Amino acid sequence: MAPLNPVRRVWAEGCAAVNGWIAVPSVLNVEAMAKARWDALTVDMQHGTADYADLLSILPVIEKSGAAPIVRVPWLDEAAIMRSLDAGALGIIAPMIETREDAERLVSACNYPPDGARSFGPVRARFAWGDDYARIANEEVLVFAMIETKTAVANLDAILSVPGLSGIYIGPADLSLSHGFSPGFDREEPEMRTLIADIRARSAAAGLRCCLHCGSPAYAARAAAAGMDLVTIGSDARFVEAGAAAAVKGFRDGAGNKT
């Protein structure tokens, strides 16, 4: 039987998944993003502006589009993880995972017993994914640990050994900061490229997926060709910023108005 989770279906076909990023949680904005036909759309509750009420209004829009609804929770917090899943998320990205114990807490919060300690109460997930949700949830929900610090890299093999973890999500901005570089995506420094490639290789060797946040489609395509299993491109807020800047520049260049 084919997986319910759209990202798992993409992987079953041997392809990399492309993920969109939602920082601005309005229904209209998410509908506009969804028209691009992403494999997944992630609602950012860490640095984005969404709250729990926003999840209840925008996760249905993501589901309707055919993309996998994923939530980056604000922190490694069991309550935030479980509430996001109960709202219908099919994936959790948890920031700043640094130890095996952190990863164990993350996995436990995402899985019903006997695989974890998730409390039962899928208040909306049952509407989204069916009355047998409790039976399929542990198989369908993706559990991603963000690797963003030197400590996390030092403990990577221990993190990768945690049963039930789906994969690693590399956060290049914080990872770069922790290694003495300015924050940002699409790293070209030899040290960072080597580090990112090493994290990917070690994830694959452990039988886990590896994901990378990218700033441009070209870099994301390169990352996928190099073996990344999921790539994120920019965010809705960055798309609006870039589109607005291009429109104003195009007008001023065409009109000869530089002010």
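Guide: Strand E2 and strand E3, the latter covering residues 68-72, pair in the parallel sense over five bridges, where strands are said to pair if DSSP finds at least two bridges between them. Helices and strands are themselves DSSP runs, numbered from the N terminus, with helices (H or I) of at least four residues and strands (E) of at least two. Within this pairing, Leu41 has Pro69 in E3 as its bridge partner. To get from E2 to E3 the chain passes through helix H3, residues 52-65, and this β-α-β crossover is right-handed; the term applies if, with the strands pointing away from the viewer, the path from the first strand over the helix to the second runs clockwise.

Before going on, a word on the source: this is a predicted model, in which local features need pLDDT of at least 70 and side-chain atom pairs count only at pLDDT 80 or more, while totals for chains, interfaces and linings use all residues. Residues are numbered from 1 along each chain as its sequence is written, and side-chain values use heavy atoms, with hydrogens and water left out.

E2 itself, residues 40-44, is mostly covered, since five of its five residues are buried; buried means under 20% relative accessible area, exposed means over 50%, and partly exposed lies in between, with a 1.4 Å probe and protein chains only. In a regular strand the side chains alternate between the two faces of the sheet. In E2 both faces are covered, with Ala40, Thr42 and Asp44 buried on one side and Leu41 and Val43 buried on the other.

E2 also pairs with E1, to which four bridges join it in the parallel sense, and Ala40 in E2 is the bridge partner of Asn19. Here the chain crosses from E1 to E2 through helix H2, residues 27-34, and this β-α-β crossover is likewise described as right-handed. In the loop between H2 and E2 sits Arg37, whose phi is near 65°, a positive value in a residue other than glycine. Arg37 is exposed, with a relative accessible area of 72%.

Two packed helices are described by the angle between their axes and the distance between the axes. H2 and H3 pack at an angle of about 20°, with their axes 9 Å apart, which makes H2 roughly parallel to H3. The axes are lines fitted to C-alpha atoms, for helices over the stretch in contact, and angles run from 0 to 180 degrees between N-to-C directions; those under 35 degrees count as roughly parallel, over 145 as roughly antiparallel, 65 to 115 as roughly perpendicular and the rest as oblique. The crossing of H2 and H3 is right-handed, a term for the near helix being turned clockwise from the far one by less than a right angle, with anticlockwise giving a left-handed crossing.

Stepping back, E2 and E3 belong to eight strands that close into a barrel in the order E1-E2-E3-E4-E5-E6-E7-E8, with parallel pairing. Neighbouring strands of this sheet are turned by 25° against each other on average, direction ignored. Strand E1, residues 17-22, is joined to strand E8, residues 230-233, by three bridges, and these two strands run parallel. There, Val18 stands opposite Val231 in E8.
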